[in-house]
Amino acid sequence: MERMEKFIDNLPPMDLMRSEKMTLVQLIIPVESAHRAISYLGELGLLQFRDLNAEKSPFQRTFVNQVKRCGEMSRKLRFFKDQISKAGLLSSLHPVVEPDVELEELEIQLAEHEHELIEMNSNSEKLRQTYNELLEFKIVLQKAGGFLVSSNNHAVDEERELSENVYSNDGYVETASLLEQEMRPADQSGLRFISGIICKSKALRFERMLFRATRGNMLFNHAPAGEEIMDPVSAEMVEKTVFVVFFSGEQAKTKILKICEAFGANCYPVPDDISKQRQITREVLSRLSELETTLDAGIRHRNKALTSVGYHLTHWMSMVRREKAVYDTLNMLNFDVTKKCLVGEGWCPIFAKAQIQEALQRATFDSNSQVGIIFHVMDAVESPPTYFRTNRFTNAYQEIVDAYGVARYQESNPAVYTVITFPFLFAVMFGDWGHGICLLLGALVLIARESRLSTQKLGSFMEMLFGGRYVLLLMSLFSIYCGLIYNEFFSVPFHIFGGSAYKCRDATCRDAQSAGLIKFRDPYPFGVDPSWRGSRSELPFLNSLKMKMSILLGVAQMNLGIILSYFNARFFRNSLDIRYQFVPQMIFLNSLFGYLSLLIIIKWCTGSQADLYHVMIYMFLSPTDDLGDNELFWGQRPLQIVLLLLALVAVPWMLFPKPFILKKLHSERFQGRTYGMLGTSEFDLDVEPDSARQHHEEFNFSEVFVHQMIHSIEFVLGAVSNTASYLRLWALSPTTCLGV
């Protein structure tokens, strides 16, 4: 713990406002220490390698065989994981602390375990198939034997009734004679039967097919099996039906057997003699009992082997992933001309150079290499990657920002402002201090169990909650704050900060919600007065408050984004972006929506009844008309005309000058009229750094103009649509009808 604190203290202070300064470095690593060096650098996590073999396919790289071996081991580990899951066992949730084994040794162990499991699965499947066949045979013997006995008794009864002339129907005579002949030996009669078992869902179609194939010259008896049997194909328990088909002739037998095979029906021989049936049944029951014992012993042995594998599974999977990552990184390096060293290039933060050199020295020492690893800084032409150093608190906010887009190298980091704006805007929509307390308790539980939960394997939803625990913390605190302002505790108001400033009109007032309230003392100290709840003016008042507050917050956040673009342009010394992007954007946004925010504040301060919705509409439709009752201050109409003209001028100001100025700068540079260091002109600073040389070689004016046009349209439409969404809600609310 003390070493970790000393390590953190030695780190330079984080620049939260911008990404870390990066440098391009080159490594020359001896072959004998390459694996260990890459492994140590991966654990450090502060060096991003460049792919020096981008023109090669994955199969043409040096360490392709090692990557294939790691992929094969990953497949085996996934196979073990699936087998453990199917067996209903649990692998070790906590990684086993044990020394790493060599890749070759692990590969041998995994191959042995896989061979053993495959052999056990094969034997188990054969035993299970035999067990299912014997179980089906037992059921067929029981059901089909009952068919034959009942058919014999029924045949005797029918013969007696027919002899006494009770029935005269020819169909019954024919059936009775068939059943009587069925119990005779096959050499005395041509009647035969086939017994078997089939899935219950196929029984009806099976019977129809038999009837059509034999043209009705058969008798089909069936009965439910009475218990579910495992299907050997799908390994699921299915309901089956026992059948007995009576027929005559070899041709019919051939057809019936083919139909049975087509429908997946299993046929089993049932003897005519009842004593033989009983003897076979006893033998089948005895073999079933032996197979059950054998299957149970096999399952116990298999579960024991899977438990042993599961105990090391997490560690093995982590080790194989690490080895595969190491060899994937080694494939990004090149051999030097002597084939004794690997050459690699990569980006690292400037503050991490000492740590990287220390890790490389440790790799040289641990691998007993006689030659050290060479580490030196290179000059870079392309733009470095963006790297933000985060901690447990800021990591979740950085991921939220990166989900929308990663800032360019050394640009302002929006995540710093998102730490406050994101949870606060959530609280503006979720303002209820009762719900906020519940959310706060959940966040505190996650933070209190942080050390324990960080080592456990969580589900996808729980992992998302745990990763955003500090986001939930600030969201809950801001929700409590906004809930106190809204005076909502599970949508119920409370007199927390004193009594209400309103009372009934007279002493006999009983229905203040209908008759109205009058103000009799100073306003409620903090937040919304609880008397607004349930009053006739509740909906207009609260809608006016929340909708207008949404506009103020939205315009403020859009201004913040434009101001950040100014600091980016100033940091990169790009005056073009300041003059032709920052200035017109500020003018356009604040001429329209900044002016609307000003009107909202003036109306709140003066208590005016002006309809701001109509003010903004007629500012565009009829800017010269008299405002009438909607005038909030002297000189409002000429001010609106000036602001409207400024907004109209700002659009071409954003669109046209910048592409033509860039074209002029490019022409002057390559005609020799101006000279300067590469990367010092406004042209160099405006284009993307990693494509600067391409722009110097060929300037595509149409591409630059289209890019600027898209950027301008996105800004204008974004500003209008974002504010219009609030105005739309405002227009549809009852406050508009009341002119508030």
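Ile 713 counts as partly exposed because its relative accessibility is 43%, where buried means under 20% relative accessible area, exposed over 50%, and partly exposed in between (1.4 Å probe, protein chains only). This residue is placed in helix α24 (residues 701-732); helices (H or I, at least four residues) and strands (E, at least two) are DSSP runs, numbered from the N terminus. The model is predicted, so local features need pLDDT of at least 70 and side-chain atom pairs count only at pLDDT 80 or more, while totals for chains, interfaces and linings use all residues. Residues are numbered from 1 along each chain as its sequence is written, and side-chain values use heavy atoms, with hydrogens and water left out.

Aromatic rings come next. A search of the whole structure finds 26 aromatic pairs. Rings of Phe, Tyr and Trp (its six-membered ring) pair if their centres lie within 6.5 Å; planes under 30 degrees apart count as stacked, over 60 as edge-to-face and the rest as tilted. The pair of Phe 79 and Phe 80 is tilted, because the ring centres are 5.9 Å apart and the planes stand at 55 degrees. Phe 80 has 0% relative accessibility and therefore counts as buried.

Phe 137 and Tyr 268 form a stacked pair, because their planes are at 15 degrees, with ring centres 5.5 Å apart. Phe 137 lies in helix α4 (residues 103-163) and Tyr 268 in the loop between β8 (266-267) and α8 (274-330), so this pair ties together parts that are 131 residues apart in sequence. Both Phe 137 and Tyr 268 are buried. Elsewhere, one aromatic cluster is formed by Phe 206, Phe 220, Phe 243 and Phe 263.

Charged side chains also meet rings. A charge sits over a ring if NZ of Lys or CZ of Arg is within 6 Å of the ring centre and within 35 degrees of the ring normal. Arg 389 lies over the face of Phe 351, at 3.9 Å from the ring centre, and the charged end of Lys 663 sits over the ring of Phe 701, 5.0 Å from its centre.

Finally, annotated segments can be compared with the model. An unreviewed UniProt entry annotates residues 103-130 as "coiled-coil region"; UniProt positions are given in the numbering used here, feature names are shortened, and annotations may be inferred rather than shown by experiment. Over residues 103-130 the chain is 100% helix and 0% strand, with the end C-alpha atoms 40 Å apart.
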